[in-house]
Amino acid sequence: GSWMNHYIPELLWQAMRFGCSMRWLHDHRELQKGDVCFLLSYGRIITEEWLAFHRHNLVVHASALPQGKGWSPMTWQILGGASVIPLTLFEAVADLDAGPIHSQEMLQLQGHELAPDWQQLQAEATIRLCTQWLRDYPSSASRPKPQKGQESCYARRQPEDSRLDPAQSLQDQFPLLQVVDNE
């Protein structure tokens with residue numbers, strides 16, 4: 001049910017160009033052994049038992065790890081007024097968003113994007129990061145850097161986090177309108 005599903009076929013097509021064969025799953029319990037597993041827009045923490053199925057388990061996370069670990073980092077940063085948001089490709093480990101970093105790309109927002117707009121930008125950058133990593137594999141796998149700096153964590157968003165406040169102006173609540181499902 002993730003919005004990212006609309007963009008996954010592009011990653012599959014790009015991977016096939018590099019001679020990779022891929023499976024598209026929505027539940028880690030369906031994993032089969034392989035070389036690389038991309039965990040994209042997947043809301044569960046995967047145990048070491050499942051991570052052991054692949055040499056590399058890669059996640060793209062919308063923050064400058066170790067800052068902004070956790071859930072919905074893009075949403076929380078837009079709500080906080082950020083216009084430049086880093087997307088980080090990193091190696092998944094059993095701890096939440098704690099693995100070494102392979103690469104990063106900065107996403108520039110203009111400030112007017114609604115959810116479908118920034119999701120498209122995020123998806124395109126995610127596909128670029130994954131595709132670049134695959135294109136350079138196995139060399140790309142040999143260069144991860146440990147996370148450094150102060151750690152912070154975003155909470156999982158709840159339905160009440162998306163409620164408008166009728167006592168506030170729409171202008172003051174525009175960031176909230178940017179991140180919620182506008183339908």
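**Labels and their cut-offs**

Guide: Let's start with histidine 61, which sits in strand S2. Mind that this is a predicted model, so local features need pLDDT of at least 70 and side-chain atom pairs count only at pLDDT 80 or more, while totals for chains, interfaces and linings use all residues. Residues are numbered from 1 along each chain as its sequence is written, and side-chain values use heavy atoms, with hydrogens and water left out.

Visitor: Why is histidine 61 called buried?

Guide: Buried means under 20% relative accessible area, exposed over 50%, and partly exposed in between, with a 1.4 Å probe and protein chains only. Histidine 61 has 6%, so it counts as buried.

Visitor: Which residues does histidine 61 touch, leaving aside its neighbours within four places in sequence?

Guide: Contact means heavy atoms within 4.5 Å. With those neighbours left aside, the contacts of histidine 61 include Gly68, Pro73, Leu87, Phe90 and Asp97.

Visitor: And what makes S2 as a whole largely enclosed?

Guide: Seven of its eight residues are buried, so the rest of the structure largely encloses S2.

Visitor: How do you know which strands S2 pairs with?

Guide: Two strands pair if DSSP finds at least two bridges between them. S1 (residues 34-39) and S2 have five bridges, in the parallel sense. S2 and S4 (residues 84-91) have four and run antiparallel. On the S4 side, valine 59 stands opposite phenylalanine 90.

Visitor: Why are S1 and S5 said to stand at the edges?

Guide: The four strands form an open sheet in the order S1-S2-S4-S5, with mixed pairing. S1 and S5 (101-108) each have a single partner strand, so one side of each has no neighbour in the sheet. Neighbouring strands here are turned by 15 degrees against each other on average, direction ignored.

Visitor: Which helix lies across that sheet, and at what angle to S5?

Guide: Helix H4 (residues 115-136) lies across S1, S2, S4 and S5, at about 150 degrees to S5. Axes are lines fitted to C-alpha atoms, for helices over the stretch in contact, and angles run from 0 to 180 degrees between N-to-C directions.

Visitor: What makes a set of residues a nonpolar core?

Guide: The members are buried Ala, Val, Leu, Ile, Met, Phe, Trp, Tyr and Cys residues joined through side-chain atoms within 4.5 Å. The largest such core has 30 residues, and Phe38, Leu40 and Met74 touch the most other members. H4 gives the most to this core, with nine residues. A second, separate core of 11 residues includes Leu51, Phe90, Ala92 and Ile101.

Visitor: How do you know whether the chain agrees with a compact globule?

Guide: The radius of gyration is taken over C-alpha atoms, and the globule rule is 2.2 Å times the number of residues to the power 0.38. For 183 residues, a compact globule would have a value near 16 Å; the chain has 17 Å, so the two agree. The C-alpha atoms fill a box of roughly 55 × 35 × 30 Å along the principal axes, and 40% of the residues count as buried.

Terms used:
Helices (H or I, at least four residues) and strands (E, at least two) are DSSP runs, numbered from the N terminus.
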